[in-house]
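Student: I would like to go through this model with you. Where shall we begin?
Tutor: Let us begin with the ligand and then turn to the helices.

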Amino acid sequence: MSRLSGKVAIITGAAQGMGAAHAKLFVEQGAKVILTDLNEEKGHAFATELGENAIFVKQNVTSEEDWATVIATAEEKFGPVNVLVNNAGITMAKNMLDMTLEEYRRIVDINQVSVFLGMKAVAASMMKAGSGSIVNISSMNGLVAGAVGYTDTKFAVRGMTKAAAINLAPMGIRVNSVHPGVIATPMVVQEDTKAAVEEFSKHIPLKRVAQPEEVSNMVLFLASDESSYSTGSEFIIDGGLTAQ
Ligand SMILES: NC(=O)c1ccc[n+]([C@@H]2O[C@H](COP(=O)([O-])OP(=O)(O)OC[C@H]3O[C@@H](n4cnc5c(N)ncnc54)[C@H](O)[C@@H]3O)[C@@H](O)[C@H]2O)c1
């Protein structure tokens with residue numbers, strides 16, 4: 001049986017990388033999926049590839065107005081929303097001493113404020129649906145330090161997941177965070193970073209980076225009713241990196 005049949009799901013940052021992998025698996029598992037991203041061309045093309053149970057809506061996740069449009073479009077096209085995956089994010093590999101206030105505010109807006117906006121915007125629709133599951137994509141840097149700004153926002157996503165889980169539990173809405181380690185997506189693996197990623201893999205207990213689809217399996221579990229008693233929790237998928 002399809003594990004997401006009857007579910008309407010929104011996935012942000014779904015034009016490429018992990019968001020795209022989640023969208024593909026969700027459609028395969030019977031969900032109707034709204035893919036959103038800033039990258040309209042890639043997002044549209046990918047949603048078309050996924051077929052009639054997928055649509056693309058252009059969205060900047062930092063815009064409250066865009067969130068209202070995404071929820072309204074989802075309801076109009078497929079009905080009340082059951083699942084939100086807050087996946088869109090950026091990275092910024094900078095030392096704190098070199099980071100400007102403008103850069104800092106940008107990463108906070110995209111990685112952190114967006115998650116607040118998404119959870120707030122989707123709650124009413126999930127109440128109409130009768131229940132819901134929100135999956136917030138943090139990082140292993142929501143548990144241990146990495147780059148400044150990125151680490152700050154990913155710790156915040158972990159914290160706001162717990163606070164929101166308490167607020168939304170009475171409405172039957174669950175909220176959990178996912179903490180990936182190093183995943184082979186365009187964010188991490190580029191021509192000029194390939195060698196460094198390979199070198200870093202030696203320090204991962206499983207001795208390799210993960211494919212996006214491996215994270216999708218965990219996100220699918222959290223989106224589905226199989227995780228019915230999990231809320232306010234963190235789910236780590238890092239090949240053992242943070243266990244050492
Ligand atoms: N790749 C990794 O190793 C890794 C590890 C831990 C956590 N993560 C997190 O997983 C999530 C997905 O990462 P990925 O590796 O697939 O990245 P990616 O760069 O491949 O994809 C991110 C997508 O988000 C979109 N996006 C960026 N800013 C946006 C905005 N303001 N509004 C809407 N869309 C926007 C981009 O256009 C892109 O399509 C991110 O939150 C990232 O921080 C990634």
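Student: Which backbone atom of Leu38 lies 3.5 Å from the ligand?
Tutor: A backbone N or O atom of Leu38 lies 3.5 Å from a nitrogen atom of the ligand. A polar contact is a pair of N or O atoms within 3.5 Å. This is a predicted model, in which local features need pLDDT of at least 70, side-chain atom pairs count only at pLDDT 80 or more, and totals for chains, interfaces and linings use all residues. Residues are numbered from 1 along each chain as its sequence is written, and side-chain values use heavy atoms, with hydrogens and water left out.

Student: What about Asn60 and Ile183?
Tutor: An N or O atom in the side chain of Asn60 is 3.0 Å from a nitrogen atom of the ligand. A polar backbone atom of Ile183 is 2.9 Å from an oxygen atom of the ligand.

Student: Changing topic, at what angle do α4 and α5 pack?
Tutor: The angle between α4 and helix α5 (residues 150–168) is about 15°, and their axes, lines fitted to C-alpha atoms over the stretch in contact, are 9 Å apart. The two helices are therefore roughly parallel to each other, a term for angles under 35 degrees.

Student: Which classes of residue form that contact?
Tutor: The contact of α4 with α5 (heavy atoms within 4.5 Å) divides into 13 nonpolar, three polar and two charged residues.

Student: And how do the axes of α3 and α4 cross?
Tutor: The axes of helix α3 (residues 64–77) and helix α4 (residues 101–129) come within 10 Å and cross at roughly 30°.

Definitions and conventions. Axes are lines fitted to C-alpha atoms, for helices over the stretch in contact, and angles run from 0 to 180 degrees between N-to-C directions. Helices (H or I, at least four residues) and strands (E, at least two) are DSSP runs, numbered from the N terminus. A polar contact is a pair of N or O atoms within 3.5 Å; within protein, one must be able to donate a hydrogen and the other to accept it, and residues adjacent in sequence count only if both atoms are side-chain atoms. Angles under 35 degrees count as roughly parallel, over 145 as roughly antiparallel, 65 to 115 as roughly perpendicular and the rest as oblique. Ala, Val, Leu, Ile, Met, Phe, Trp, Tyr, Cys and Pro count as nonpolar, Asp, Glu, Lys and Arg as charged, and the others, Gly among them, as polar.
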